[in-house]
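Welcome, and please load the model in your viewer with a cartoon view to begin. We will go from one selection to the next, and at each stop you will hear what is there.

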Amino acid sequence: MNNYYSKLKNKINGPVFSIMTPFKEDESIDFASLEKYLEKIHEAGGNIFYVMGYNSRYSQLSWEEIKTLNQFVSKKVKELDKNHIMIVADPLHCSTKTSIEFANHAEKIGADMISLIVRERFYSEDQIFNHYNLIAQNSSTAILIHEMPFLNGYGGPTVNWPISLLDRLADLEHVVAVKEDAKDDAYSKDVVAKLRDRVSIVISGGGKRQWLRFADIGCQAWLNGIGVFEPKLATLFWQYYQNGNKDGYMKIIEEVEVPFFERGVQKYSWHLTIKAALEARGIMKRKDRMPLQELGENEYKIVQKIIQELPIDDIIK
């Protein structure tokens with residue numbers, strides 16, 4: 001791995017802030033709220049920003065809107081601090097040619113990395129390796145592999161990425177990070193053990209509790225959960241962890257993360273609850289674009305009450 005990619009890999013540590021896309025009542029993107037949200041993350045000490053397929057609502061956006069969103073966020077993040085890490089993504093369903101187009105666009109707009117997902121059905125390791133290799137050959141942009149279980153080309157349940165495939169991909173010079181999104185602890189441990197020395201691994205799902213299970217074996221980063229609606233919780237957790245303050249970081253888990261997931265997410269789902277939590281914290285409206293539909297008023301009031309009862313402000317003051 002050359003020096004540029006190696007340095008970039010070593011910067012992917014701690015909380016990674018996925019960017020939720022706010023919408024206005026007419027379902028257009030609310031860029032004013034988005035800008036304030038980015039500033040809030042920056043002011044809390046966040047330095048890794050990730051515009052991504054599901055949290056950023058790519059399924060509801062046209063490809064031109066995705067490019068516009070990627071460009072807007074990259075420009076704002078680099079204005080806040082040129083040393084911030086900016087990760088953008090390609091569309092969920094597209095050809096390899098289109099992924100190359102988005103990788104080159106990422107470089108053009110000043111992003112540091114392109115997150116590449118494959119939602120085409122899985123038929124063989126060579127199929128997937130050739131996809132990533134062709135993108136690497138046609139763009140100098142660093143790559144984060146969004147490793148989410150494949151749809152099975154031969155029918156049946158989804159398929160975890162073969163470890164042997166990830167092993168081959170990690171040797172591509174451009175590949176600096178993997179978003180481990182299988183939500184399968186035994187499999188995740190195998191991924192971390194195989195890749196930790198070559199790429200940065202961002203664990204996804206389960207929040208900080210999940211990351212703690214893998215931190216000691218070499219997992220470098222996690223995708224934010226409660227840090228989405230209060231970025232300071234994530235940066236404070238990271239600070240406590242680095243300083244060995246177990247009481248401090250466990251307080252955030254036990255008094256905010258656990259009750260938020262048990263009382264809110266388990267009942268109303270991640271994507272709808274987190275948007276409601278963002279509204280409850282005054283960051284953006286919970287409005288979504290069809291076919292996603294935000295929580296109704298009664299459900300929102302329940303999430304709002306949960307947020308109000310959590311000791312968020314006492315912890316971050």
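Two strands count as paired if DSSP finds at least two bridges between them. Helices (H or I, at least four residues) and strands (E, at least two) are DSSP runs, numbered from the N terminus. Before the first stop, a word on the source: this is a predicted model, in which local features need pLDDT of at least 70, side-chain atom pairs count only at pLDDT 80 or more, and totals for chains, interfaces and linings use all residues. Residues are numbered from 1 along each chain as its sequence is written, and side-chain values use heavy atoms, with hydrogens and water left out.

**Stop 1: the barrel**

Select the strands E1 to E8. Eight strands close into a barrel, in the order E1-E2-E3-E4-E5-E6-E7-E8, and their pairing is parallel. On average, neighbouring strands of this sheet are turned by 25 degrees against each other, direction ignored; the axes behind that angle are lines fitted to C-alpha atoms (for helices over the stretch in contact), and angles run from 0 to 180 degrees between N-to-C directions. Strands of a sheet pair through backbone hydrogen bonds, either parallel or antiparallel.

**Stop 2: strands E3 and E4**

Now select residues 85-89, which form strand E3, together with E4; the two pair in the parallel sense over three bridges. Show side chains, and you will find Val-88 opposite Ile-114 of E4.

Is E4 enclosed or open? Five of the five residues of E4 are buried, so the strand is largely enclosed by the rest of the structure. Buried here means under 20% relative accessible area, exposed means over 50%, and partly exposed lies in between (1.4 Å probe, protein chains only). In a regular strand the side chains alternate between the two faces of the sheet. In E4, Met-113, Ser-115 and Ile-117 point one way, while Ile-114 and Leu-116 point the other way.

**Stop 3: strands E5 and E6**

Next, pick E5 and strand E6 (residues 175-180), which run parallel and are joined by five bridges.

**Stop 4: helix H5**

Select residues 125-137, helix H5. At 1.5 Å a residue its 13 residues should span 18 Å, and the end C-alpha atoms are 18 Å apart, which agrees; the expected span is 1.5 Å times one less than the number of residues. Colour Ile-128, Phe-129, His-131, Tyr-132, Ile-135 and Ala-136, the buried residues of H5. Seen down the axis of H5, they fall within an arc of 155 degrees, so they line one face of the helix. The arc is that of the directions from the helix axis to the C-beta atoms. What covers them includes helix H4 (96-108), strand E4 (113-117), strand E5 (142-147) and helix H6 (163-170).

**Stop 5: helix H6**

Move on to H6, where Leu-165, Leu-166, Leu-169 and Ala-170 are buried. They cover an arc of only 135 degrees around the axis, which puts them on the same side of H6. Their packing partners are H5, E5, E6 and helix H7 (185-195).

**Stop 6: Asn-70**

Zoom in on Asn-70 in helix H3 (residues 63-80). With a relative accessible area of 1%, Asn-70 is buried. Which residues does Asn-70 contact, leaving aside its neighbours within four places in sequence? They are Val-51, Tyr-58, Val-88, Ala-89, Phe-102 and Ile-109, where contact means heavy atoms within 4.5 Å. Draw a distance from Asn-70 to Ala-89: their C-alpha atoms are separated by 7.8 Å, and the two are 19 residues apart along the chain.

**Stop 7: helix H12**

Finally, select residues 297-309, helix H12. Tyr-300, Val-303, Ile-306 and Ile-307 are buried in H12. They cover an arc of only 115 degrees around the axis, which puts them on the same side of H12. Asn-298 and Gln-308, on the other side, are exposed. The buried residues of H12 pack against helix H10 (246-268), helix H11 (270-280) and helix H13 (312-316). Centre on Ile-306, at 3% relative accessibility: not counting residues up to four places away in sequence, Ile-306 touches Arg-263 and Gly-264.
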